[in-house]
Each structure stands twice: as structure tokens, then as C-alpha cells.
Amino acid sequence: MQYAIETGVKMQVPLLDLKAQFATIRDEVLPAIAEVCESQMFALGPVVADFEEKIADYCRCEYAIGVSSGTDALLVSLMAMDIGPGDEVITTPFTFFSTAGCIVRVGAKPVFVDIDPDSYNIDPTCIEEKITEKTRAIIPVHLFGQAAQMKAINEIAARHNLAVIEDAAQAIGASRDGVKCGNFGDCGCFSFYPTKNLNAFGDAGMVTTNSEPLAQKLKILRDHGQNPRYFYGMVGGNFRLDGIQAAVLNVKLKHLDSWNRKRVKNAAFYDELFAGTPIKTPKIDENNVSIYHQYTVALPERDRLQKFLAENNIGSAIFYPKPLHLQDCFSELGYKQGDLPIAERLCSEVLSLPVYPELTQRQIQYVADTVLKFFDTN
Ligand SMILES: *Cc1c(COP(=O)(O)O)cnc(C)c1O
């Protein structure tokens with residue numbers, strides 16, 4: 001086998017390189033921050049309103065409500081739907097913690113169902129058997145940038161009169177059947193955490209919806225429930241989005257499509273090179289356009305590959321090492337090993353490789369060569 005890299009060349013490829021991204025937008029983003037500083041309007045305000053409008057436009061939805069994080073987007077959505085003690089919410093065990101954490105925080109019970117082995121998203125065929133008279137909502141997650149099977153999920157939700165809250169934290173710009181994520185459910189929850197495809201200089205999030213009453217309620221709840229000021233008809237929280245974060249995000253949103261396209265291109269490059277190896281590359285449903293928030297492969301020798309990559313200065317990460325139904329904090333729910341076998345197996349097999357847009361051709365070639373070398377020498 002031929003390697004493009006000369007032996008002895010030491011290259012560094014982190015999983016994500018935010019400094020490289022900053023270098024490309026520094027001249028745009030610093031003046032935008034300075035403008036907010038001049039205005040001294042830090043909590044909500046005109047720049048936030050402008051960003052909300054731009055996100056609604058970008059996601060092709062009616063309303064977008066800026067909030068303090070993706071976690072708070074989920075939390076305030078559950079609050080807006082009056083989901084609480086005695087209620088059950090169906091979701092996936094193969095996701096970031098807060099998807100289920102928020103369900104518990106409002107006093108409801110998460111009910112986990114297994115995932116589809118190809119897309120790693122919630123398996124719609126496993127949902128209906130878990131529905132009880134207490135079930136109020138389904139939270140599908142568009143994991144790694146690929147939309148869940150929303151048609152099937154929405155059909156089940158409609159049959160049982162359940163709300164659908166999309167956890168679209170990893171999927172801004174992704175679409176399914178030509179529809180952008182954030183439009184499938186009653187609302188969509190986005191995160192602009194620094195590692196996400198559209199990322200702030202700190203924490204930020206958004207809820208999208210096409211329901212006017214829900215949008216109104218979300219706006220009131222994100223600001224303590226006050227309406228009008230200092231009059232409280234419901235108990236909300238401080239889930240406000242900062243002006244400085246909105247200013248940063250306004251600048252970055254202009255670049256998002258081009259960044260996402262580069263991720264897609266990087267993913268295609270890996271796909272081609274890994275074909276014919278024991279690696280399972282990401283499977284994108286033909287109806288989906290993925291934004292490759294992560295490029296996640298699966299293989300039984302995952303731990304050894306990760307070690308080999310680290311020895312060669314290549315960053316990688318395991319999303320996620322332990323499914324949520326087996327986490328200690330949910331032990332009272334009574335799940336045990338073997339309950340959700342596909343999610344459990346994937347936790348020991350998945351590995352996310354660098355796919356960020358600023359990867360140079362040499363870097364991505366180096367990652368691919370190193371992975372191929374692993375199979376050659378192992
Ligand atoms: C990042 C993420 C969240 C939480 O978003 P924060 O902005 O970090 O609070 C929720 N769900 C998923 C799937 C995520 O990836």
C-alpha cells in the first residue's frame with residue numbers, strides 16, 4: 001500500500017480546530033462584538049432579534065426564539081408543553097446527556113427505546129410498544145447531523161396525540177425529504193455550543209416552531225414567565241440569549257452552508273478511502289442531507305484504533321461511551337444491560353474522526369492514511 005505521507009513526518013490533527021475557524025472570520029467577528037459593546041445591550045435586544053429572524057429564515061420556519069443553550073432549548077420546550085410529574089417522554093439512549101436530563105428536570109420520566117443500527121437515530125419501529133397512557137411526547141435526536149425518520153415518528157405521534165420535540169442540536173442545516181430540521185416536530189431545539197456546526201463564543205441555543213401560540217409561550221418562559229414586565233402568569237426561567245453571542249452567530253451563520261459543504265466533502269473523501277476496510281462508515285439515508293456534525297465510524301477494534309490515532313497525533317472521540325439508560329443517575333428507572341442492545345453495542349464500537357471544515361487536504365489525507373495503516377499493521 002502507498003502512503004501519501006513520508007515516514008517520519010509528524011502532523012497534528014485535532015478532532016476540532018476552533019482557532020483555525022476563528023482565523024477565517026476574525027476581521028468580521030471582532031467588529032460585530034465591538035458593536036454590541038458600544039450599544040451595551042447584552043440581554044436579548046436588537047441583535048438577538050435580528051439573529052432570531054435570520055435563523056427562522058435559514059430553517060424556513062415561522063418562529064425562532066433565542067435561548068441560553070441547547071439544553072435550555074429542550075428544557076423550556078418541555079415546560080411550554082406543560083410536561084411534568086406523572087408524564088413519560090420517549091427518547092433515544094444514544095445521545096448527549098441533556099436530551100434525557102431535561103425530561104427528568106421537569107419531573108417527567110424518560111422512556112428509552114433502541115436505535116437504528118445504520119443511522120444511530122431512534123428506531124421508529126420500537127416506539128409504539130413503549131407508549132402508555134402517560135406518554136406525552138417523543139424527543140427524536142438528529143444525531144451526528146442526520147435527521148431521524150421523522151415521517152414515521154410523526155405518524156406515531158399523531159396516532160397517539162403526542163408532542164414531538166426535535167433535538168436538532170447537532171443538525172442545523174440538515175434536511176430530510178427537502179425539509180429542514182426544526183420543522184418536523186412541534187418545535188426544534190438547537191445548540192450553538194462551541195463544538196457545534198454553528199457555534200458561539202460560549203453557550204447559546206434556539207427553539208424553532210411553526211406554532212404562534214407556542215412561540216409566544218416560549219418567549220414568555222425564557223424570561224421568567226413575565227408578561228408584561230414584572231407580572232408573572234407562569235413560572236419560567238432565565239433562558240435568555242446574549243447579544244454578544246447573537247452578534248458572533250450572525251457572522252458565522254453567513255458561513256454555515258459553506259462550512260457544512262466542506263464537512264460533506266471531507267466525509268465523502270473518507271467514505272471512499274475506507275471502502276473495503278472493516279470500518280463501518282456513516283450510512284446516510286437517501287432522503288437525508290447530513291451536515292456531518294460528526295464523522296462517526298464503527299468497528300470492533302475501536303479502542304485500539306483510537307490509541308493508534310493518538311500515537312500519531314490525531315484526535316478522535318467516543319460519542320457516546322455509555323448509553324443513557326445505563327447511567328448511574330437513571331438507575332431508578334430500572335434498566336439493565338441488554339435492554340437496548342444496539343445502543344449498547346455501538347457505545348463500544350463508535351469513533352468520531354476529524355471532519356471539521358478547516359481540515360487541510362494534507363491533514364485529512366494523513367488521517368485517512370493512518371487509519372488504513374492501522375488495518376495494514378494489525
Ligand atoms: C450539544 C447537545 C445538546 C445540548 O446543547 P448545549 O448547548 O450544550 O446545552 C443537546 N442535545 C444534543 C444531541 C447535543 O449534541
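Contact here means heavy atoms within 4.5 Å. The model is predicted: local features need pLDDT of at least 70 and side-chain atom pairs count only at pLDDT 80 or more, while totals for chains, interfaces and linings use all residues. Residues are numbered from 1 along each chain as its sequence is written, and side-chain values use heavy atoms, with hydrogens and water left out.

Not counting residues up to four places away in sequence, alanine 148 touches Asn121, Pro140, Val141, His142, Ile153 and Arg176. Alanine 148 lies in the loop between β4 (135-139) and α5 (150-160); helices (H or I, at least four residues) and strands (E, at least two) are DSSP runs, numbered from the N terminus. Its relative accessible area is 0%, so alanine 148 is buried (buried means under 20% relative accessible area, exposed over 50%, partly exposed in between, with a 1.4 Å probe and protein chains only). Proline 213 is 65 residues from alanine 148 along the chain, and their C-alpha atoms are separated by 26 Å.

The whole structure has zero disulfides, a disulfide being a pair of cysteine sulfur atoms within 2.5 Å. Cysteine 61 is in none, and the nearest cysteine sulfur, that of cysteine 59, is 5.3 Å away. Cysteine 126 is likewise in no disulfide; the nearest cysteine sulfur is that of cysteine 347, 16 Å away. Cysteine 61 is buried, at 9% relative accessibility.

Two packed helices are described by the angle between their axes and the distance between the axes. Axes are lines fitted to C-alpha atoms, for helices over the stretch in contact, and angles run from 0 to 180 degrees between N-to-C directions.

| Helix pair | Angle | Axis distance |
|---|---|---|
| α7 (residues 243-274) and α10 (residues 361-377) | about 30° | 10 Å |
| α8 (residues 302-311) and α10 | about 125° | 10 Å |

α7 is therefore roughly parallel to α10, whereas α8 and α10 are oblique to each other. Angles under 35 degrees count as roughly parallel, over 145 as roughly antiparallel, 65 to 115 as roughly perpendicular and the rest as oblique. The crossing of α7 and α10 is right-handed, and α8 also passes α10 in a right-handed crossing (the near helix is turned clockwise from the far one by less than a right angle; anticlockwise is left-handed).

In the α7 contact with α10, the residues include Phe269 and Leu273 of α7 and Ile364 and Val371 of α10. By class, this contact of α7 with α10 has nine nonpolar, three polar and no charged residues. Ala, Val, Leu, Ile, Met, Phe, Trp, Tyr, Cys and Pro count as nonpolar, Asp, Glu, Lys and Arg as charged, and the others, Gly among them, as polar. For α8 with α10, Arg304, Leu305, Phe308 and Leu309 of α8 meet Thr370, Val371, Lys373 and Phe374 of α10. The residues of the contact of α8 with α10 are five nonpolar, one polar and two charged.
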